[in-house]
Amino acid sequence: MEIIEKCNQTLEELYKFSPEILYLGENIIDSRLESLEEEIGYKLPEDFKYIMKKHNGITLAGTQIYGLSAELKEGSLDKIYVFEHSEVENPMPKNFLPFSPDGRGNHYCLDLSKLEANVCPVMFWQWDFEYDNLEDVEVSNDNFAEWVNEVMIEWTLQMYNFDGTEK
């Protein structure tokens, strides 16, 4: 299945959730994603850019995808990238783009060095684990759209109905 088609199916599932538990950021109509690519020196995967352009930041029942905006100050994707690569005790490799926190200091990240056919794997970076080898970092999903489907949608549906009521 083509990645954009998969993204549209993923978004349609996401849209079924009540605004009580779903926040969707405004669409991105400028070139800030392309500027981020220049700033970090890596191309972003197509599924990530597509979904981010539709919704600059998403939160579903506490699971968050960072937005990219000066208005978000230190909570903006670009600022978090800099922080996680240069201001922490255990910095991430430069090719990891942290896009979603787990609430315990760990992040889901795109491994931008493994971009193939315009997608890349999603890694789970533990801030308090000293990796001997980057191959030891857990691969969470094969691509961003799959991550949204599993971690945001499927995991939320284990605890909540689409209308936001608890199961």
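**View 1. The open sheet S4-S5-S6-S7 of the predicted model.** Four strands, taken as DSSP E runs of at least two residues and numbered from the N terminus, make up an open sheet in the order S4-S5-S6-S7, with antiparallel pairing. Strand S4 (96-101) and strand S7 (138-141) stand at the edges, each with a single partner strand, so one side of each has no neighbour in the sheet. From one strand to the next the twist averages 40 degrees, angles running from 0 to 180 degrees between N-to-C directions of lines fitted to C-alpha atoms. S4 and S5 pair in the antiparallel sense over five bridges, where pairing requires at least two DSSP bridges, and Pro101 stands opposite His107 in S5.

This is a predicted model, in which local features need pLDDT of at least 70 and side-chain atom pairs count only at pLDDT 80 or more. Residues are numbered from 1 along each chain, and side-chain values use heavy atoms, without hydrogens and water.

**View 2. The N-terminal end of helix H5.** Helix H5 (residues 144-159; helices are DSSP H or I runs of at least four residues) has 16 residues. Asn143 caps its N-terminal end, a side-chain oxygen lying 3.2 Å from the backbone nitrogen of Ala145. Among the buried residues of H5 are Phe144, Trp147 and Val151, buried meaning under 20% relative accessible area, exposed over 50% and partly exposed in between (1.4 Å probe, protein chains only).

**View 3. Two loop residues with positive phi.** Ala61, in the loop between strand S2 (58-60) and strand S3 (63-65), has a positive phi of about 50 degrees although it is not a glycine. Asn118, in the loop between strand S5 (107-111) and strand S6 (122-125), has a positive phi of about 65 degrees.

Technical notes: The expected span of a helix is 1.5 Å times one less than its number of residues. A polar contact is a pair of N or O atoms within 3.5 Å; within protein, one must be able to donate a hydrogen and the other to accept it, and residues adjacent in sequence count only if both atoms are side-chain atoms.
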